[in-house]
Amino acid sequence: MPVTDPIADMLTRIRNAVQVRHESLQIPASRMKSSLLKLIAEEGFISSFSVQETDSTAKTLEVKLRYYEDKSPVIQGLKRVSKPGLRVYVGKNEVPRYFGGLGVAFMSTSKGVMTGQQARREGVGGELLFYIW
């Protein structure tokens, strides 16, 4: 059955895996998810991710989660903002800082997928996808 909101599905899979302290998880692959995971890894919320070929047509993304030394997860929360039923767009002067800069906003802009901080630096607005902290 096709997923209506693949980004929300990815975030839910990550949230569930973090709650039960899994080391890694599998996500169906797409270019958008790969670019988002690359940004999440650059921000230090996950260790790494790689593309796995399960069979000739389907590819999955293997995501390695990150934990502190006391076994607490680096990802404390995920919140989807723009949904298929209600898209949320922000201008270049309205890019939010989540938790006073402790959280990271992820956006889809005309220059590609980027964090809120990168969007402010580039001077672009776009669709506010989700927050992670």
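1. Lysine 71 is exposed, at a relative accessible area of 61%; for burial, I use under 20% relative accessible area for buried, over 50% for exposed and partly exposed in between, with a 1.4 Å probe and protein chains only. Its phi is near 70°, a positive value in a residue other than glycine. You'll find lysine 71 in the loop between strand 3 (59-65) and strand 4 (78-80). Helices and strands here are DSSP runs numbered from the N terminus (H or I, at least four residues, for helices; E, at least two, for strands).

2. A word on the basis: this is a predicted model, where local features need pLDDT of at least 70, side-chain atom pairs count only at pLDDT 80 or more, and totals for chains, interfaces and linings use all residues. Residues are numbered from 1 along each chain as its sequence is written, and side-chain values use heavy atoms, with hydrogens and water left out.

3. Arginine 21 also deserves a look, with a positive phi of about 60° although it is not a glycine. Most residues other than glycine have a negative phi. Arginine 21 sits in the loop between helix 1 (6-19) and strand 1 (24-28), and it is partly exposed, with a relative accessible area of 45%.

4. Helix 2 (residues 31-42) has 12 residues and reaches 17 Å from first C-alpha to last, close to the 16 Å expected at 1.5 Å a residue (the expected span is 1.5 Å times one less than the number of residues). Its buried residues are Lys33, Ser34, Leu36, Leu37, Leu39 and Ile40. Just after the helix, glycine 44 takes a positive phi of about 90°.

5. Now the rings. Those of Phe, Tyr and Trp (its six-membered ring) pair if their centres lie within 6.5 Å, with planes under 30 degrees apart counted as stacked, over 60 as edge-to-face and the rest as tilted. By this rule there are 5 aromatic pairs. In one of them, tyrosine 98 and phenylalanine 99 have ring centres 4.7 Å apart and planes at 45°, so the pair is tilted. Tyrosine 98 counts as buried at 17% relative accessibility, while phenylalanine 99 is partly exposed at 49%.

6. Tyrosine 98 also forms a tilted pair with tryptophan 133, 5.2 Å centre to centre and 45° between the planes. Tyrosine 98 lies in the loop between strand 5 (89-90) and strand 6 (104-109) and tryptophan 133 in the segment after strand 8 (126-132), so the pair ties together parts 35 residues apart in sequence. Tryptophan 133 is partly exposed, at 24% relative accessibility. Ring pairs link Tyr98, Phe99, Tyr131 and Trp133 into a cluster.
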